[in-house]
Amino acid sequence: MPLASTDRVLAATPLAAGAFNVVLIEQLEAVLAGAARAQLPVIVQISENAVAYHGALAPLAAAAHAAIDATDVPVALHLDHATRTDLIEEAVARGFTSVMYDGAHLPWEENVARTREITQWCHEQKVFVEAELGEIGGKDGAHAPGVRTDPEEAARFVADTGVDALAVAVGTSHQMSDRTATVDLDLVRALRAAVPVPLVLHGSSGADDATLQASVYAGMKKINMSTHLNAVFTGAARAVLEADPALVDPRRYLRPARHAMAGEVARLLRQLNTPQPAPVTASAHR
């Protein structure tokens with residue numbers, strides 16, 4: 001299926017879109033296989049850090065396009081946590097359907113000005129823009145997990161920049177390896193009421209299934225995840241290597257890693273899009 005726009009993926013997703021980061025081709029294949037298994041749309045994310053690891057965006061972009069073309073569910077391609085304007089411009093030129101400009105480390109006025117400038121340019125190219133107001137906890141040690149986004153500031157930021165989606169700080173933290181984060185659901189509901197664009201949950205690896213579902217029901221529309229899926233992928237590879245220390249063929253341990261990650265992607269997509277149970281009324285017990 002041809003690459004889908006990010007707004008189409010968000011609109012086509014019943015409740016919340018899974019947005020999963022990939023570094024390796026095997027992880028790209030896993031995300032697409034999981035989405036196909038669940039028969040749900042998905043957003044493939046390539047971060048600025050992943051580009052730095054490979055040394056260039058071109059090979060990752062080419063692989064993503066080729067793999068997405070062979071998929072039968074709507075898939076969007078997103079540049080995640082980009083701070084470099086030249087990388088954003090290259091991603092747009094290479095067919096990415098959305099970018100996340102990360103100016104959260106900047107003072108308010110500068111973040112607004114830079115985000116507005118990038119958003120205006122991206123909109124001229126028909127590209128969807130996500131931004132972040134206030135840094136999410138755990139990213140380069142910049143904030144403790146206690147940081148929170150103010151709903152009034154969030155609404156003003158969206159109005160002043162014209163962004164299409166907003167990542168907000170509500171209790172999760174980047175790079176968490178355990179799923180123990182507590183999300184401030186009242187704050188999510190307040191942000192949903194105040195902000196007219198989709199809300200994005202970063203650091204979702206730190207939230208367990210019940211917390212993720214509750215966050216979606218409260219108003220989150222895009223759920224970003226990386227560390228948890230890396231742990232699933234690496235855990236499966238490690239199990240094979242520990243069972244056979246003499247193994248040298250990478251296909252023998254990357255294949256089960258890819259399979260395990262695909263299964264978790266499918267499970268998460270279904271979990272994120274399970275309808276909220278109807279409240280039990282007093283009459284139901286009569």
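Guide: Two strands pair if DSSP finds at least two bridges between them; helices (H or I, at least four residues) and strands (E, at least two) are DSSP runs, numbered from the N terminus. The model is a predicted one, in which local features need pLDDT of at least 70 and side-chain atom pairs count only at pLDDT 80 or more, while totals for chains, interfaces and linings use all residues. Residues are numbered from 1 along each chain as its sequence is written, and side-chain values use heavy atoms, with hydrogens and water left out.

Visitor: In β8, which residue is the bridge partner of L199?

Guide: The partner of L199 is M220 in β8. Strand β7 (residues 199-201) pairs with β8 in the parallel sense over three bridges. From β7 the chain reaches β8 through helix α9 (residues 209-218), and this β-α-β crossover is right-handed, that is, with the strands pointing away from the viewer, the path from the first strand over the helix to the second runs clockwise. Strand β1 (residues 17-21) also pairs with β8 in the parallel sense, over four bridges, and there A19 has N224 as its bridge partner.

Visitor: What arrangement do the strands form?

Guide: Eight strands make a closed barrel in the order β1-β2-β3-β4-β5-β6-β7-β8, with parallel pairing. On average, neighbouring strands of this sheet are turned by 25° against each other, direction ignored.

Visitor: Is strand β8 mostly covered or exposed?

Guide: Buried means under 20% relative accessible area, exposed over 50%, and partly exposed in between (1.4 Å probe, protein chains only). Strand β8 (residues 220-225) is mostly covered, with six of its six residues buried.

Visitor: How many residues of β5 are buried?

Guide: In strand β5 (residues 128-132), five of the five residues are buried, so the strand is largely enclosed by the rest of the structure. In a regular strand the side chains alternate between the two faces of the sheet. In β5 both faces are covered: F128, E130 and E132 are buried on one side, V129 and A131 on the other.

Visitor: Which strands pair with β5?

Guide: Strand β4 (residues 98-101) pairs with β5 in the parallel sense over four bridges, and S98 stands opposite F128. Strand β6 (residues 165-168) runs parallel to β5 and is joined to it by three bridges; A131 has L166 of β6 as its bridge partner. Together, β4, α6 and β5 make a right-handed β-α-β unit.

Visitor: At what angle do α5 and α6 pack?

Guide: Axes are lines fitted to C-alpha atoms, for helices over the stretch in contact, and angles run from 0 to 180 degrees between N-to-C directions. Helix α5 (residues 85-93) and helix α6 (residues 108-124) pack at about 20°, with their axes 12 Å apart. The two helices α5 and α6 are therefore roughly parallel to each other, a term for angles under 35 degrees. Their contact (heavy atoms within 4.5 Å) is made by T85, I88, E89 and V92 of α5 and R114, I118, W121 and C122 of α6.

Visitor: Where does R238 lie?

Guide: R238 belongs to helix α10 (residues 227-243). Its relative accessibility is 47%, so R238 counts as partly exposed. R238 and Y253 are 15 residues apart along the chain, and their C-alpha atoms are separated by 7.8 Å.

Definitions and conventions. Parallel < 35°, antiparallel > 145°, perpendicular 65-115°, else oblique.
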